[in-house]
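Thanks for coming. Please have a look at the model on the screen, and then I'll walk you through it.

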Amino acid sequence: MSTDLIKKTQGFDHLVNMNEGWVDRRVFCEQDIYEQELYRIFARSWLFVAHDSQIPNPGDFLTTSMGEDGVIVSRQKDGTVKVFLNSCPHRGNKVCFADAGNARRFTCNYHGWSFDSAGSLMGMHEEYCYDPGDIDKSTHGLKQVAHVDSYKGLIFANFDPDARSLEQWLGDFRWYLDILLDNEDGGTELIGGCIKSEINANWKLGVENFIGDAYHAGWTHDSGTRAMNDGQPFPPIDMENSFHASINGHGWEFGLEGVGDLFLLGRPKVIEYYENIRPDMARRLGEMRSKIFGSVASASIFPNVSFLPGISTFRQWQPKGPWKFELKTWVIVNKAMPDGIKDEITKGVMQTFGPGGAFEMDDGENWENCTTVNRGVVTRQERLHYRCGINRQINDHPVLPGLVYRGQYNDANQRNFYQHWVDMMEAPTASDIPYRWEPKFSGLETRDFAGLDGLENGGK
Amino acid sequence: MTNGPVHAEVPSIELIMSLQQVLYKEARLLDAERYSEWVEMLAEDLHYFMPGIETRYRRDKTDQVGDTTRMAYYNDNLDDLKKRLRRLETGTAWSEDPATRYTHLITNVEVELTDQDDQFRVYSNFLAYRNRNERDQDTLIGNREDIWRLKGSSYELLKRTIILKQNVLLSKNLNVYL
């Protein structure tokens with residue numbers, strides 16, 4: 001996004017201080033700050049727009065939002081994906097009103113301007129009314145995003161022509177993403193459909209909860225945990241053998257016990273399935289990542305995608321003003337799984353992390369109240385405490401890439417999320433966004449490296 | 001909804017009245033969070049189903065209701081439903097205390113005979129109102145298609161399909177049974 005499109009404004013670095021460990025609550029409620037987030041974060045970040053499995057065939061499309069910009073994600077005849085604004089260049093009306101489907105044309109209801117599945121303007125109602133020279137159809141298609149790329153099934157788009165590549169954006173977080181996306185041959189797919197709900201809370205509260213807040217789980221979700229597992233409480237946390245790992249705003253918190261998240265799903269057949277494939281997973285991804293899988297863990301991709309590896313909920317927090325977000329919920333499964341296992345996982349996810357889920361119900365209530373209290377002008381100027389584990393960074397972990405911290409009850413990933421937030425809010429251009437973790441696996445297939453130590457001997 | 005074949009015989013007034021009373025009683029139990037009594041009204045082989053409904057063009061033939069492998073708010077058997085309800089018995093369901101205030105309105109009750117002598121198809125519409133804390137409130141409206149099975153002198157719910165008339169659930173959660 002060129003800087004002239006970004007409204008000049010005051011700085012943002014007075015709103016968070018990650019060395020001291022606090023966040024000013026105005027980032028969760030003020031309209032001016034929110035508008036700047038749309039320009040500086042959502043219009044410049046790589047945003048998840050679809051999973052390959054949602055639009056498998058030419059002409060398949062879905063509609064979604066990048067920030068508050070509505071877009072159409074459309075599969076082309078050659079298998080590539082185009083992403084363009086869902087807004088007619090004539091008077092601005094939406095050209096598609098469906099969540100998903102298959103279409104050869106997107107035609108505007110207003111004056112019948114018609115666009116093909118690549119977004120090119122093909123014709124309009126009563127086209128004779130335009131004299132020669134009135135319009136060049138070749139330059140009046142639906143506005144394309146600057147970049148589209150994908151990583152192991154996840155399709156991302158970026159409005160910013162100057163953006164760094166998706167590989168650079170994800171960086172070494174790819175090593176962690178492989179635990180979710182590449183733990184078995186064939187990769188992943190999303191279960192059909194999408195559950196959307198509306199929560200009166202700031203979008204960042206959902207992201208930061210999943211990026212690192214294992215701490216809330218044993219308390220907020222005591223009731224959900226006991227409900228799903230015959231009265232058993234939240235599994236104990238091993239603070240020595242659990243971690244936060246942060247890479248340029250993305251974050252994954254995890255234990256190494258291998259079973260915690262699987263236990264929370266409450267589906268014995270699913271645990272059995274994963275235990276059967278775990279030896280293969282260890283051969284495929286290395287010992288460390290096979291232990292991370294299924295452990296008590298949660299993760300977010302900056303800025304607004306989160307998931308629980310092992311529980312298989314996959315979600316996006318779509319901003320709708322500072323006081324509201326729309327939560328899109330999917331279930332992510334391995335393509336190779338038998339239908340019965342996919343079904344067990346889907347039901348388990350919706351019983352835990354759907355709107356009627358035993359875990360989800362307590363989260364939404366918390367986030368709404370964390371947000372709405374800031375209607376008070378005194379309250380909103382209070383700082384929030386983010387110092388948990390502030391001195392627990394591990395330098396030079398031999399295996400784990402990223403900024404790594406010991407103990408999964410920690411605010412480390414949250415601090416690094418807000419650090420990246422302020423880095424992007426301050427950066428004049430994409431190239432000014434600092435790398436807080438320089439990528440080590442550039443140009444390499446991260447699946448093939450058991451860890452950082454593998455870099456010296458070429459893999460496992 | 002299945003809209004199965006209408007049985008040639010017309011249900012008696014008595015049958016219609018008794019099934020209507022069952023629906024009203026169920027609503028009264030749900031309003032009062034008397035879930036253990038509600039569970040008594042459910043069959044061991046229950047299927048309780050509320051699919052997510054995407055907005056799609058009329059020409060799109062995706063089976064959003066009949067395909068039970070797609071995303072659904074509820075796709076539960078009796079054990080699944082009991083698990084959800086167990087959360088309220090733990091005493092640590094923080095967001096349920098103070099309690100939500102519920103009212104279910106049940107209307108448009110229509111009874112059909114089926115090919116099974118002891119099973120009856122019952123259509124109804126619902127309006128479920130929720131109010132929490134000071135002014136937190138929402139209203140859920142939609143259709144239901146049930147199969148109720150004769151059990152002793154009463155009926156048990158064997159199958160329910162709920163169609164909520166929302167694309168985006170305009171609420172933060174679904175701590176309510178419809």
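Start with A:Phe243, which stands opposite A:Arg406 in strand β23 of chain A. Remember as we go that this is a predicted model. The strand that pairs with β23(A) here is β15(A), residues 242-247. The two run antiparallel, and 4 bridges join them. β23(A) itself covers residues 403-406.

Now the helices of chain A. Take α12(A), residues 412-426. How far apart are its end C-alpha atoms? They are 21 Å apart. At 1.5 Å a residue, 15 residues should span 21 Å, so the two values agree. Among the buried ones are A:Phe417, A:Tyr418, A:His420 and A:Trp421. A:Asn413, A:Gln414 and A:Arg415 are buried as well.

Next, α8(A), residues 268-285. Its 18 residues should span 26 Å at 1.5 Å a residue. The end C-alpha atoms lie 24 Å apart, which agrees. There is a kink, though. It comes to about 45 degrees and lies at A:Arg278, shortly before the proline A:Pro279. Which residues of α8(A) are buried? They are A:Val270, A:Tyr274, A:Met281 and A:Leu285. What do the buried residues pack against? Four helices of chain A: α3 (173-181), α7 (260-265), α9 (287-292) and α10 (339-352). Just after α8(A) comes A:Gly286, with a positive phi of about 95 degrees.

Let's move to the interface. Here 39 residues of chain A are in contact with 32 residues of chain B. On the chain A side, the elements that each supply at least two residues include β14 (195-199), β20 (325-334), α10 and α11 (360-372). What is the make-up of that side? It divides into 14 nonpolar, 13 polar and 12 charged residues.

β14(A) and β7(B), residues 168-169, pair in the parallel sense over 2 bridges. Here A:Lys196 has B:Val168 as its bridge partner.

Buried or exposed? A:Met350 has 27 C-beta neighbours inside 10 Å, so it counts as buried. Leaving aside residues up to four places away in sequence, A:Met350 touches A:Gly357, and across in chain B it touches B:Ala72, B:Tyr73 and B:Asn75. A:Val331 is 19 residues away from A:Met350 in sequence, and their C-alpha atoms are 8.5 Å apart.

Last, chain B as a whole. It has 3 helices and 7 strands. Along the sequence the pattern reads α-α-β-β-α-β-β-β-β-β. Why call chain B as compact as a globular protein of its length? Because its radius of gyration is 17 Å, close to the 16 Å that the globule rule gives for 178 residues. Its C-alpha atoms fill a box of roughly 50 × 45 × 30 Å along the principal axes. Of the 178 residues, 31% count as buried. Take the chain B contacts between residues at least 6 apart in sequence: 59% of them join residues at least 24 apart.

Note on methods. Residues are numbered from 1 along each chain as its sequence is written. Chains are lettered from A and ligands numbered from 1 in the order in which they are written. This is a predicted model: local features need pLDDT of at least 70, side-chain atom pairs count only at pLDDT 80 or more; totals for chains, interfaces and linings use all residues. The expected span of a helix is 1.5 Å times one less than its number of residues. The bend at a residue is the angle between axes fitted to the seven residues ending there and the seven starting there. A residue is buried if 20 or more other C-beta atoms lie within 10 Å of its own, exposed if 12 or fewer, and partly exposed in between; C-beta atoms are placed from the backbone. Two residues are in contact if their C-beta atoms, placed from the backbone, lie within 7 Å. Ala, Val, Leu, Ile, Met, Phe, Trp, Tyr, Cys and Pro count as nonpolar, Asp, Glu, Lys and Arg as charged, and the others, Gly among them, as polar. Two strands pair if DSSP finds at least two bridges between them. The radius of gyration is taken over C-alpha atoms; the globule rule is 2.2 Å times the number of residues to the power 0.38.
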